[in-house]
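The stops below are given in the order in which to select them.

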Amino acid sequence: MDQFQSQDLPQLLIIRPPLSLAIAESQLSQKFHLLKAWESELPLDQFLTTHACSVQAMLRYPFTQVNADLLRLLPALKLLVSPNAGVNNIDLVECRRRGISVTTSGSAFSEDVADTAVGLLIDVHRRISAADRYVKGLWTSKGDYPLGSKLGGKRVGIVGLGNIGSEIAKRLEAFGCIVSYNSRSKKPSLTYPFYSSVHELAANTDALIICCTLTDQTHHMINKEVLSALGREGVIVNVGRGAIIDEKELVRFLVHGEIGGAGLDVFENEPHVPEELFALDNVVLSPHNAAFTPESVESSSRIVIANLEAFFSNEPLVTPFVDD
């Protein structure tokens, strides 16, 4: 599409390039005039001021801070589209005040994150990654490797039973696990035991899986007291956001053997990971890629386009963010 045709399309602001832009850009550019701030020679504030009165929609990728200062520069903005499930780094209060709708990826990534969460849980219990390293270096000289632990029958607490948490629960049931959960409110349609306190959930489970949203309320929600309640045999898996766990306390508990192990896809200061974790065979690490497969990225791209088309056609949004 040439530049003149593009000028006639609805404008879509993108502040920084996403990792997956190459997958979606060809589709987006056919339907929208992309305003790519990172390609401009202007400082960001000047670039935004130039388009302040015309930009109604913005595609926001992870690590783009959408705060009051940014929104102040975009008085015409009415839609903020996020191609992932998380809404941390978005000032939702300011968006509501300004009448800006926010959409997410809905359930596009839920199954892939759930697969990874359960995979990490199995890996920690059965010591798969550690056993792989053992086979490649020590088996011939050291003999048999220590046994891992059975997953079936384990009591697993899920923190955040939304789209992802529900998919995790479904998979755990198939393994014969006993599922319970913590959420901001009890879900009447579910029969899983509900704990209103994360501390109480930890005290009554063998493993915790964290898949809730990072907010001011959930920041460092998994603290020293919760880890103590989980106990020396307890395992924690985090596929939510790193800062939901007090990472310094988690490292201390793991190094001193005060919990049984951890499977971590997210960290508090990515891409920096505490080096103390590298030598621990009961810790399995993943570089914040639980959500991403070619299939899930394609699904997210379709949802992004569907939300944008609905907005510019004055139709209901496909996956509006609901703070439940």
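Which residue follows H13, and is its phi positive or negative? Select Asn314: this residue comes after H13 and has a positive phi, near 60°. Bear in mind throughout that the model is predicted.

**Stop 1: helix H13**

Now colour its buried positions, among them Val297, Ile303, Val304, Leu308 and Phe311. Serines are in the buried set as well, including Ser296, Ser299, Ser300 and Ser301.

**Stop 2: the five-stranded sheet**

Next select E2, E1, E3, E4 and E5, which in that order form an open sheet with parallel pairing. E2 (33–36) and E5 (101–103) are the edge strands; each has a single partner strand, so one side of each lacks a neighbour in the sheet. Direction ignored, neighbouring strands here are turned by 25° against each other on average.

Zoom in on E1 (residues 11–14) and E3 (residues 57–59), a parallel pair joined by two bridges. Leu13 is found opposite Met58 in E3. Bring H13 back into view: the helix packs on this sheet, where it touches E1, E3, E4 (79–81) and E5. The direction of H13 makes about 170° with that of E4.

**Stop 3: the six-stranded sheet**

Now select the strands E7-E6-E8-E9-E10-E11, listed in their order in a second open sheet, also paired in parallel. At the edges are E7 (178–182) and E11 (283–285); each has a single partner strand, so one side of each is left without a neighbour in the sheet. From one strand to the next the twist averages 15°.

Work across the sheet pair by pair. E6 and E8 run parallel and are joined by four bridges; here Val156 has Ala207 in E8 as its bridge partner. E8 and E9 also pair in the parallel sense over four bridges, and Ala207 is partnered by Val235 in E9. Follow the chain from E8 to E9 and you pass through helix H11 (residues 224–230), in a β-α-β crossover that is right-handed. Then come E9 (residues 235–238) and E10 (residues 261–264), parallel over four bridges, with Val237 and Gly263 as bridge partners.

Display H6 (residues 110–126), which packs on this sheet and touches E6 (155–159), E8 (207–210), E9, E10 and E11. Its direction makes about 150° with that of E9.

Stay on E8 and show side chains. Which way do they point? Ala207 and Ile209 point one way, Leu208 and Ile210 the other, and all are buried.

**Stop 4: the nonpolar cores**

Select Leu121, Ile158, Ile168, Leu172, Ile209, Val237 and Val239: these have the most contacts inside the largest nonpolar core, which has 31 residues. H6, E6, H9 (163–174), E7, E8 and E9 each give two or more residues to this core. The largest share, seven residues, comes from H6.

Centre on Ile158. Beyond residues up to four places away in sequence, Ile158 touches residues including Ile168, Leu172, Val179, Tyr181, Leu201, Ile209 and Cys211.

Finally, select Met221, Ala243, Ile244 and Leu277, which are among the members of a second, separate core of 29 residues.

Conventions: Residues are numbered from 1 along each chain as its sequence is written. This is a predicted model: local features need pLDDT of at least 70, side-chain atom pairs count only at pLDDT 80 or more; totals for chains, interfaces and linings use all residues. Side-chain values use heavy atoms; hydrogens and water are left out. Two strands pair if DSSP finds at least two bridges between them. Axes are lines fitted to C-alpha atoms, for helices over the stretch in contact, and angles run from 0 to 180 degrees between N-to-C directions. Contact means heavy atoms within 4.5 Å. Buried means under 20% relative accessible area, exposed over 50%, partly exposed in between (1.4 Å probe, protein chains only). A crossover is right-handed if, with the strands pointing away from the viewer, the path from the first strand over the helix to the second runs clockwise. A nonpolar core is a set of buried Ala, Val, Leu, Ile, Met, Phe, Trp, Tyr and Cys residues joined through side-chain atoms within 4.5 Å.
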